[in-house]
There are 4 protein chains.
Amino acid sequence: MDTIPNVLAQRYASAAMKTIWSARGRVILERDFWIAVMKAQRLLGLPIPVEAISAYEHVQSQVDLESIAERERTTLHDVKARIEEFCALAGHEHIHKGMTSRDLTENVEQLQVLRSLELIRDKAGAAVIALGERASEYRDLVITGRTHNVAAQPTTFGKRLAMFGQELLEAFEALEELIERYPVRGLKGAVGTQLDQLTLFGGDVEKAAQLEEKVIGYLGFSRTLRSVGQVYPRSLDFEVVSRLYQVSAAASSFARTLRLMAGHELASEGFQKGQVGSSAMPHKMNSRSCERINGFHAVLNGYLTMTTALAGDQWNEGDVSCSVVRRVALPDAFYTIDGSLETFLTVLHQMEAFPSVIEAENDKYFPFLATTTFLMEAVKAGSGREAAHAAIKEHALAAVNALRSGESDHNDLVERLADDSRVGLSREVMRSLLANKGKFLGTAREQVDGFVAKSRKVGERYPQARYLKPGKIL
Amino acid sequence: MDTIPNVLAQRYASAAMKTIWSARGRVILERDFWIAVMKAQRLLGLPIPVEAISAYEHVQSQVDLESIAERERTTLHDVKARIEEFCALAGHEHIHKGMTSRDLTENVEQLQVLRSLELIRDKAGAAVIALGERASEYRDLVITGRTHNVAAQPTTFGKRLAMFGQELLEAFEALEELIERYPVRGLKGAVGTQLDQLTLFGGDVEKAAQLEEKVIGYLGFSRTLRSVGQVYPRSLDFEVVSRLYQVSAAASSFARTLRLMAGHELASEGFQKGQVGSSAMPHKMNSRSCERINGFHAVLNGYLTMTTALAGDQWNEGDVSCSVVRRVALPDAFYTIDGSLETFLTVLHQMEAFPSVIEAENDKYFPFLATTTFLMEAVKAGSGREAAHAAIKEHALAAVNALRSGESDHNDLVERLADDSRVGLSREVMRSLLANKGKFLGTAREQVDGFVAKSRKVGERYPQARYLKPGKIL
Amino acid sequence: MDTIPNVLAQRYASAAMKTIWSARGRVILERDFWIAVMKAQRLLGLPIPVEAISAYEHVQSQVDLESIAERERTTLHDVKARIEEFCALAGHEHIHKGMTSRDLTENVEQLQVLRSLELIRDKAGAAVIALGERASEYRDLVITGRTHNVAAQPTTFGKRLAMFGQELLEAFEALEELIERYPVRGLKGAVGTQLDQLTLFGGDVEKAAQLEEKVIGYLGFSRTLRSVGQVYPRSLDFEVVSRLYQVSAAASSFARTLRLMAGHELASEGFQKGQVGSSAMPHKMNSRSCERINGFHAVLNGYLTMTTALAGDQWNEGDVSCSVVRRVALPDAFYTIDGSLETFLTVLHQMEAFPSVIEAENDKYFPFLATTTFLMEAVKAGSGREAAHAAIKEHALAAVNALRSGESDHNDLVERLADDSRVGLSREVMRSLLANKGKFLGTAREQVDGFVAKSRKVGERYPQARYLKPGKIL
Amino acid sequence: MDTIPNVLAQRYASAAMKTIWSARGRVILERDFWIAVMKAQRLLGLPIPVEAISAYEHVQSQVDLESIAERERTTLHDVKARIEEFCALAGHEHIHKGMTSRDLTENVEQLQVLRSLELIRDKAGAAVIALGERASEYRDLVITGRTHNVAAQPTTFGKRLAMFGQELLEAFEALEELIERYPVRGLKGAVGTQLDQLTLFGGDVEKAAQLEEKVIGYLGFSRTLRSVGQVYPRSLDFEVVSRLYQVSAAASSFARTLRLMAGHELASEGFQKGQVGSSAMPHKMNSRSCERINGFHAVLNGYLTMTTALAGDQWNEGDVSCSVVRRVALPDAFYTIDGSLETFLTVLHQMEAFPSVIEAENDKYFPFLATTTFLMEAVKAGSGREAAHAAIKEHALAAVNALRSGESDHNDLVERLADDSRVGLSREVMRSLLANKGKFLGTAREQVDGFVAKSRKVGERYPQARYLKPGKIL
């Protein structure tokens, strides 16, 4: 039987993310962890020669999965096999002192989580920046804002993008907070009492505490969980995936709206280089990438559900009913959000708006949206308020019905009003009012500017995000 | 980058399930489908030579994934590549007539679902049968039934197993119903109107309908969906996974209870051949398999969530926002339930009860559970009802407190009552009442018999389930 | 503090549904249950006078919640208070014999579920029938079928409705199956062994079994669960809500699509009598009811999640960790689906299509959708295949671009092709091909007929569904 | 039809929480909001007399729901009715200037959320403090730590409590962060462009921005969302409920473990004053409150699911498909977590441990847990390592089997070892090793101290949490 691949990793996730969660990548992170522990143990007085540490560091990236598997067939214990392999490569036996298997696996999995969170933060940051750029580009492109999927008031396409950008920014900041606070379990032993480390240090409570502090310093965590059991609280896994879901939500709202706009041919997610529309159906620019972003959102929700089941179900000091759940939910949640952001960035770079179609839609609806202004001007020009109001209402209804019945092929409200003496406004006056669209935009453009400024600050905080380009997507 | 494997498939699912969902297995099912369509088209008058069909059948199982991938690099279209490969192998060009890509993929995915459902039905049936066997074995083993996790009334271990068996049986029957009713999309074309098949048959509506009838007959579906869009309704995917979840629930309730019993050392999930307990901790028989069954349940809930997002979100005649969701949720849900049932069957075969520990627990609680009987007998023997009642209440409370405070190391209620003249019952009388445990069991044993009979009927309906043995689990 | 109302019940659910789950309705169902038990106990030989049963029946609907609450303040036990009230009204003491509180509450809650399922089945049936009627009405109204939210192939509005009708029909049949199979816990006592009933019948196992058979016969259940604990398996609650979710999914897919159509002004969910559009925004026919149906779907998903947590989490013979969950999830799930179907029926009765707008959309896209036909006809008329193909492709692309750029205000493909001698077809020929839309519809209309026939059969099976009209919605 | 009450509010939530979400409480918060807007508008130059504001403030708490309902029957518009009522009471017409209905409802709902979050923060803080107190009390009570629900290593009950306390503390800090960052939508108008407020201030962009700043300052928000549509992003609702779920998870893990301990009679959740155990079953101290906490967790998960559906589903500038979802999910999620914390606090105050039973369990398992120590001492005392190891292994296994088979009624490992010359340790030596339990506890007690110190800091940050006592629960 051939290997069944993980479809999320294989088709959608980036190499960087796969590296973190691959068998090989995990071995390297484990070795990172063991080395950090040795360094700390040495500093605190355990007799570990500096040459031994160097020897381990020297061979750290020599990962031979087949050799490890071979050892496991003998030892029947996966952690033991990996210990032996690393020691054989280094020619020393100083790793894993005073550690249980869980001391290794819990912490290494949290290291995978932390590195993945940082990668996602950078990509989400790149998306904020890209949204800022596109919002800036379309800052002044007036579109017909819709509520209930029906024309409501003018806005600009840039402002619409800034709106989704704002949602993403909130999620981005929540992610930053989590990364800053994310606590690691540390070396706590079988039931969390640090019995073995304490024994190793001859009962010196202070040293057992310092050990953890030093280890996490090497690895980039900000703090440890002071009091845990065999495992760290699984509500932390829930917290991680729920933050990813917030990021995904912003991408998903954007994608949903772009699919709607594509249905009206107001915009398109664009084509990838080399991709062409069907020749039989040249009009058919399917929003496949946006649909996929929405799909990823549903997938991520599934992994979120898995972590909801972990949170709040600890029995005593813990067990492994969570094992299969975490094996699936953690990597797959990260592959999903990674795939989603890769797709989102691609769409942000390729999408295009169709100003003529947008203009035609504006023409269709603006006369309705401007009736309040017409009334005000009619009164200014000397018409009676009540009479003008009644006339406008009457003609607006008639214009709508004419459009719906097919009697009229464009919005003829201006003509109808111009022909009614109760209103007292000429075609020209009304058309010039309609032409001055800036009047109807409120602070739409200033809001764009505000968001663009914020997005630039993200780029300053995370310069790596500025240069992050999506890989080629399927 | 090495392939990242699907962890559920790799570690937990059976070969039979992996075959259905593997790349190779899918190619074979596609060819099944194409052959079925050809046969039906030929019968209805399309000029497809019988030798062509034979030629396709002859090469059906020759699957060369690399060759297909090579063709895809040229055609840039996956379905086209697989058509060309199959035709090249057969030396004919008669497949895929009047079909769109979706006509192939929707139906083949439903074929994967159907075959998987049948496999799961057999395994769930095997679990019903195994529960029947163990319930029968432990039909008369009296245990202390618990509610709120506290001793409540006697029952038997067989009856407890029958109780979980009953839950599984309900889920099993719901699964049977679904398999019987499961409808397939059929050959409906781009928006569901059968335009291409109708054109193929010169506008003969009757033949287009017959075509579908014949095709599903070959493949084992019971019926087609008469009116669909580009896709079949995704609420059907939800229905499939929700039925799997019901099956999983019964296994999960059983596993949860066995973990509780193991905590009291009343029972153990047993060890696999070759597996041994820790020598340092010989008492530590961890319920790892039962914990895993509970884990699978949480995982399956995640895939259920994914399908909830598909159901009720169709836009017009459909799109592919569901694509990534179904690629993940459908195979992975089946791997999960498959792994869960493999584990469940293993536990059912290996678990053991510890009658002495069970007996000790019964001794601890039975005097409390029998106080109503003592009162009745005391009155019969001539004691005053009120006085006896007060005495029993008083002593029961004292006996509990003595146990809790450590003042007493066993339930001494009988001794306390025997020493109280208000009760008027001797130690011997009370002990013989306690010994006659059958009196306290209600219809527990008859319920076991009833369940065993039902489980045998399942074996008669599905003889293949009787001989189904779980593979070796991790 | 005023009572905080249940918003789903208060704003959306029907009186019939509220009656089942109200405090008063529950008291009546409990009395139904007690009376059924008495009748069965009497028939099986217990000394319960027929006059007593009559007396209870006579006062069954006299529900005085305040009096019951008064009694509860004395007894501090809710079931006991309701027993006393009913006995005091009837002047007898024959109810609740050999029953525990759970024997009452489990069965009565299942009675509420069953009655609610029947009510929902009737409403879902009414929706099938209404969809049949509207599908029939719009059987021949050609619309532009969309995939990926983009024009794909012609279909009819009736066929689109039949497509959603088909989805609903599947859910409806799954609901019918469940109602037919829905098993009740029965009188099983504290841990499910029927100890008390068996004692009541002097150890006669046969009579204990017959008792249950008779009771469920009176109440309308089809069968009992043979082997249970203190509670019935909670996977059954999951099954119930998952079936409701399937029903909701069909309504939700329909609503989602109608919202999309309203965005193009192709159709509207209509207005309720007395409701008017905004005078300032006469074009703004918001799809509020359809949005609400989608909202209900999300709400129901939440209750489904609650029941997923119940299923598979039984400890031993059961406990009450499910109590608060079921108190919320069961009634609220039924209020939700009830509100959804009330809204759905309202929309089905009020919605309207706008044929002129639909026709304009068809005109915009049909020339693209017909290019295959044009090619065929060009070849028939003597043009070279390759040349004609190249010309059509070229002009189709140009026509799309002209529309997008605003250069052209209608689809001028026919004119472009007519002007190109490589094609050799006149405007008239092409326009007549386009006019014969029936040719492009495949079996769309026959599928409508098929669905309409099925929907009528539902009306025959459940005549009450035919006359079911939705109440006035908010 | 009587009002169907919201069961979560009625049975479980506190008066403080109900006040926030009640009809009356909402009216008061709306008036808070209107007053804040008036004050800001006045400061920025709008002609609103200071007496008018005073007049509104004077009548703010005069809420007559019946009068409002009466007005609504006339206006057929709920917001308009409440405007009229407030103006009539105040004798002025200055509220709601330049505001749409959504400007009111979105912000007021966020105000309800913020006030509820603060209330929950205080209660979660009170639970942290109470856990600190109990952990301190049981700091030195040695218990048998369990993994896989089986005895693993000694720990203390205080440390177990600190472990759950640590989980709660993490959730608590996540909640603090959210409250600090929680952004409000502000006065943005129909599609988010602030058109009406801008018009009100004659196009002065700066003033429109200042208006929002001032309003949120009055109300206690930290910041506004710069760029939104008709609605604020619904992923914010998801974030709120996901934080509540984290809090609930810690309570739920604790409750799950206490239910397990109660099953072994090691501890009990205690009884409320006046509550008594069943006299027939005096041993039956059901963990009903802990079960309920687990139930609340499942309920909250349902509301979380509802908010997952809102997040990522925005169409354009927004619509009301979220309306029914938020009406249900937001208040009910808060009632649920509120009920859960009330119950949790009650359990924390009432629970009791049973040291004698705990000691008996320790005696049963300690000899196994101490085998490593025995080996070390045997070698020190001159025995051969291999021989001693073999002997210990052999006897440990035998001791376990004797316990399981009923051959022995206590752990006789020490006696067995004392009788084996390969080991060379006397009963007395081994018993004194076992008696020195402090040696086996690692840093358990220091971890308790660490947590207690942290819990006290919470009390310093939120003194109101220190004095918060739970109400009487059902």
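This is a predicted model: local features need pLDDT of at least 70, side-chain atom pairs count only at pLDDT 80 or more; totals for chains, interfaces and linings use all residues.
## How chains D and B are related

Let's start with symmetry. Two copies of a chain are related by a rotation about an axis and a shift along it.

## Where D touches B

How many residues of chain D are in contact with chain B? There are 39 of them, and they face 39 residues of chain B. The size of an interface is often given as the accessible area lost when the parts come together. Chain D and chain B bury about 3500 Å² between them, and 54% of this lies on carbon and sulfur atoms. Within chain D, the residues that lose the most area to chain B are D:His148, D:His283 and D:Arg404, which together make up 22% of what that side buries.

One of these, D:Arg404, also forms a salt bridge with B:Glu265, where the closest N and O atoms are 3.2 Å apart. The rule finds four salt bridges across this interface of chain D and chain B, along with 17 residue pairs in polar contact. Several elements of chain D supply at least two residues each to the side that touches chain B, among them strand 1 (142–147), strand 2 (150–156) and helix 14 (355–369). Helix 16 of chain D gives the largest share, seven residues. Sorted by class, the side of chain D that touches chain B has 18 nonpolar, twelve polar and nine charged residues.

## Where D touches A

Now turn to the other partner. Here 76 residues of chain D are in contact with 76 residues of chain A. Chain D and chain A bury about 6700 Å² between them, with 52% of it on carbon and sulfur atoms.

What does the rule find across this interface in the way of salt bridges? It finds ten between chain D and chain A. You can look for an example at A:Glu317 and D:Arg160, whose side chains meet in a salt bridge at 2.9 Å, N to O. The interface of chain D and chain A also holds 54 residue pairs in polar contact. Elements of chain D that each supply at least two residues to the side touching chain A include helix 8 (157–181), helix 9 (195–200) and helix 19 (444–461). The largest share, 13 residues, comes from helix 11 of chain D. By class, the side of chain D that touches chain A divides into 26 nonpolar, 30 polar and 20 charged residues.

## A residue in helix 11

Helix 11 of chain D is also where you will find D:Val241. Is D:Val241 buried or exposed? Its relative accessibility is 1%, so D:Val241 counts as buried, the cut-off being under 20%.

Which residues surround D:Val241, leaving aside its neighbours within four places in sequence? D:Val241 is in contact with D:Leu300, D:Tyr303, D:Leu304, D:Thr307, D:Leu330 and D:Ala333.

Conventions. Residues are numbered from 1 along each chain as its sequence is written. Chains are lettered from A and ligands numbered from 1 in the order in which they are written. Side-chain values use heavy atoms; hydrogens and water are left out. Contact means heavy atoms within 4.5 Å. Buried area is the accessible area (1.4 Å probe) that two parts lose on being put together, summed over both. A polar contact is a pair of N or O atoms within 3.5 Å; within protein, one must be able to donate a hydrogen and the other to accept it, and residues adjacent in sequence count only if both atoms are side-chain atoms. Helices (H or I, at least four residues) and strands (E, at least two) are DSSP runs, numbered from the N terminus. Ala, Val, Leu, Ile, Met, Phe, Trp, Tyr, Cys and Pro count as nonpolar, Asp, Glu, Lys and Arg as charged, and the others, Gly among them, as polar. Buried means under 20% relative accessible area, exposed over 50%, partly exposed in between (1.4 Å probe, protein chains only).
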